[in-house]
Amino acid sequence: MASPDPDAPKSSTVHDPKVFEYHNPAGGWGALKAVSKHLLHSRSPATNARSLFKLNQPDGFDCPGCAWGDPEHGSSFEFCENGVKAVTWEATSKRVTRDFFAKHTVSELKTWDDYRLEDQGRLVEPMRYNAETDHYEPITWDAALNLVAAELKALPTPDDAIFYTSGKAGNESAYVFQLLARLYGTNNLPDCSNMCHEASGVALTKALGTGKGSVRLEDFEKADAIFVFGQNPGTNHPRMLGTLREAAERGATIVSFNPLRERGLEKFADPQKPLEMLHNGSHRISSHYFCPKLGGDMAAVRGMAKALFERDAAGEAVLDHAFMAEHTIELDAYRTLVEATAWETLEAQSGLSRAQMEEAAELYARSKATIICWAMGITQHVHSVPTVREIVNLLMLCGNLGKPGAGTSPVRGHSNVQGDRTMGIFEQPSDELLDALEARYNKPMPREHGVDSVAAVHAMRHQPGKVFIGLAGNFTRAISDSRVTEAAMAQCQLTAFISTKLNRSHLITGRDALILPCLGRTEIDRNKAGEPQLITVEDSMSMVHSSAGINRPVDASLPSEITILTGISERLLGSDIVNWAAMREDYDVIREHIEAVIPGFENFNERVRVPRGFWLTNPAFELCFPTESGKAEFSDAPLPEQVIHQQMATRQGGWLTLQTMRSHDQYNTTVYGYNDRYRGIENGRQVIFLNRKDIDRLGVSAGQWVDLIGESGDGIERRVDGFKVVAYDTPEGCAAAYYPETNPLIPLDHKGDQSHTPASKSIAIRLEASTRIA
């Protein structure tokens with residue numbers, strides 16, 4: 001077995017988390033206190049307070065956080081606690097200058113944790129790594145962009161370059177980025193979708209012919225029932241809580257399926273309701289709450305379908321046969337499969353009782369219009385694609401497509417992760433996209449599929465000398481198998497990251513490395529004539545709207561993402577095919593290119609200047625299904641023989657199934673602090689949440705420090721040390737801990753079938769007593 005990696009991530013500060021019981025609702029005074037804290041911590045409280053009035057407003061900027069939609073008739077306060085964190089984190093007055101890099105070696109910075117790295121402030125000038133001194137040193141913009149172009153030109157093949165994108169990038173940046181990659185000659189365009197909702201896109205495309213959700217925000221006002229699977233909106237999409245609360249207030253049934261009991265799914269106090277705050281009031285969110293075991297959601301949904309079929313066979317009018325006859329195929333095969341599945345099988349795999357699944361089926365059957373939402377609790381499993389297909393099956397049984405208040409709602413993460421895919425950020429582009437690009441630019445496009453995020457790590461690992469360009473994001477901390485990923489990244493010829501803040505990926509340098517700082521979402525982006533420019537984003541509901549920063553840039557020399565990308569493109573490709581200078585001087589020019597290539601963007605420049613933007617019509621909403629059959633297709637995929645919690649229950653040695661998750665002071669890999677208010681954690685992140693019966697069974701105790709040991713069948717030791725045991729309401733055999741600290745436990749090839757998404761919600765681990773002293 002390999003020895004531990006001496007360069008493994010570790011914090012320079014030892015935190016002993018305080019554990020307490022949290023009894024209050026989500027939101028409320030705790031949210032207001034957190035907002036005040038983060039405004040002060042930014043060292044620009046007055047500026048940031050003013051910025052909040054322009055957050056998610058038609059004449060302001062889109063939140064850099066989540067992709068939840070904006071209401072058609074918004075208020076003056078369209079932000080949440082985590083939106084405030086995202087804004088203040090970006091609009092801080094702290095700066096990371098050349099003096100900072102002269103003071104700290106990269107080796108030293110590797111010992112810092114994620115919070116401490118990003119908390120240093122905004123990057124302000126391009127830096128190049130000097131391996132001899134182990135320091136980042138200043139480089140001019142011209143030299144930096146020349147270096148990127150030269151390294152790309154020197155590669156034996158364009159497929160030795162990897163162009164990675166985070167969902168923070170706007171539509172215009174994403175379009176330019178994919179155009180740069182494809183004109184250069186590669187489809188190596190992995191993105192953060194590969195690590196979160198890829199299963200949603202794959203499954204929805206197969207079932208309905210389109211990979212996006214079918215509902216608009218207004219549909220939540222018309223739904224009789226809303227089912228929420230594998231999602232914690234209180235932390236990950238807090239503005240969604242306001243939507244769910246409004247639905248609950250008008251009498252809609254909200255049903256939650258989640259292994260952990262999350263406060264945001266139970267009750268919510270709206271900080272924007274003064275009377276409620278004055279009286280410490282709150283409102284219930286979920287009317288019913290079911291806690292399946294990790295990986296058990298597919299069986300739970302199939303159990304609901306089985307209950308519906310049994311009632312239909314008994315003559316009850318619970319299914320919409322007319323809808324299915326007209327708009328679907330393969331119902332008979334699905335029904336045969338479900339009816340042949342024993343209740344005992346469904347109970348064992350789901351972790352729910354037959355009575356619970358029948359109760360959920362009754363709630364569903366009673367509703368005349370149902371929306372089903374889901375997030376990474378569904379998509380980050382090996383069998384995630386068939387699980388999403390099973391959800392779509394359930395919707396089709398009662399005709400919950402193509403009508404107000406009903407449909408599919410995969411709730412995306414970063415604010416423009418869906419828009420980036422619309423713009424062509426995808427390693428498996430459609431022939432239609434490539435044909436449109438060829439027609440526009442009169443140049444053949446690469447046709448072979450590129451690498452996704454996991455495949456990119458394999459490529460860097462086994463074929464050294466690649467060039468990795470990251471447009472936003474923190475790749476090495478977002479993806480699985482952190483130590484393997486970092487070793488692979490270090491074999492690149494060049495790593496270059498376009499970023500606003502310092503993060504760990506900057507410290508995993510190739511033979512050469514660049515940090516290229518850029519403007520943030522909150523800042524005014526002016527062209528050479530001094531005129532402000534706007535960008536666009538697409539939310540989870542396929543609404544495309546504008547975003548224009550309002551704050552003065554943290555440094556006058558900071559370029560936009562588009563300025564950096566067009567600068568590389570000019571040096572690499574020349575300007576015969578594309579006038580890159582015109583693109584950066586006027587983003588309307590980029591939108592004209594988008595309009596000519598991407599369907600649905602007719603009159604783009606005019607429509608995006610309408611308040612709240614425009615909707616990219618979803619064919620499924622109109623009961624038009626661009627599948628091979630022309631109809632919505634039922635899936636008769638079998639249940640897994642055993643999901644991982646069943647496998648761990650029979651394994652010797654006290655194994656558990658671990659899910660990774662965010663804390664409340666976190667958004668994706670960005671850590672805003674060491675607290676997780678709703679789960680009762682203060683001043684620490686290295687905790688593991690366990691069922692009390694597991695604590696007793698494993699012979700540990702609450703408050704004890706343990707090390708977490710993962711699978712090592714490939715000779716790679718996977719462990720993270722020093723985690724405090726916390727007793728929590730989670731199903732027996734199912735544990736939870738925060739990422740990215742636990743990403744080293746996920747083998748790189750432990751990924752979703754068909755989606756290749758890291759299976760971060762189903763990790764095999766065992767515990768060892770830790771030698772760490774608290």
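**Pocket and salt bridges**

Biologist: Hi! How much space lies in the largest pocket?

Modeller: About 1,700 Å³. Here a pocket is an open set of points on a 1 Å grid over the protein atoms alone, where a 1.4 Å probe fits, with protein on both sides within 12 Å along at least five of seven lines; lining residues have an atom within 4 Å of a point. The volume is the space filled by probe spheres set on those points, joined across faces, edges and corners.

Biologist: Which residues are closest to its centre?

Modeller: Of the 47 lining residues, those are T205, G209, T210, G211 and S430. This is a predicted model, where local features need pLDDT of at least 70 and side-chain atom pairs pLDDT 80 or more, while totals for chains, interfaces and linings use all residues. Residues are numbered from 1 along each chain as its sequence is written, and side-chain values use heavy atoms, leaving out hydrogens and water.

Biologist: And which helix gives the most to the lining?

Modeller: α9, with 5 residues. Helices are DSSP runs of H or I, at least four residues, and strands are E runs of at least two, numbered from the N terminus.

Biologist: New topic: how many salt bridges are there?

Modeller: The count is 45, taking a Lys or Arg side-chain nitrogen within 4 Å of an Asp or Glu carboxyl oxygen. E768 and R719 form one, at 3.6 Å from N to O. E768 is in strand β33 (763–769) and R719 in strand β31 (719–727), so the pair ties together parts 49 residues apart in sequence.

Biologist: Is R719 buried or exposed?

Modeller: Buried, at 16% relative accessible area; the cut-offs are under 20% for buried, over 50% for exposed and partly exposed in between, with a 1.4 Å probe and protein chains only. E768 is partly exposed at 30%.
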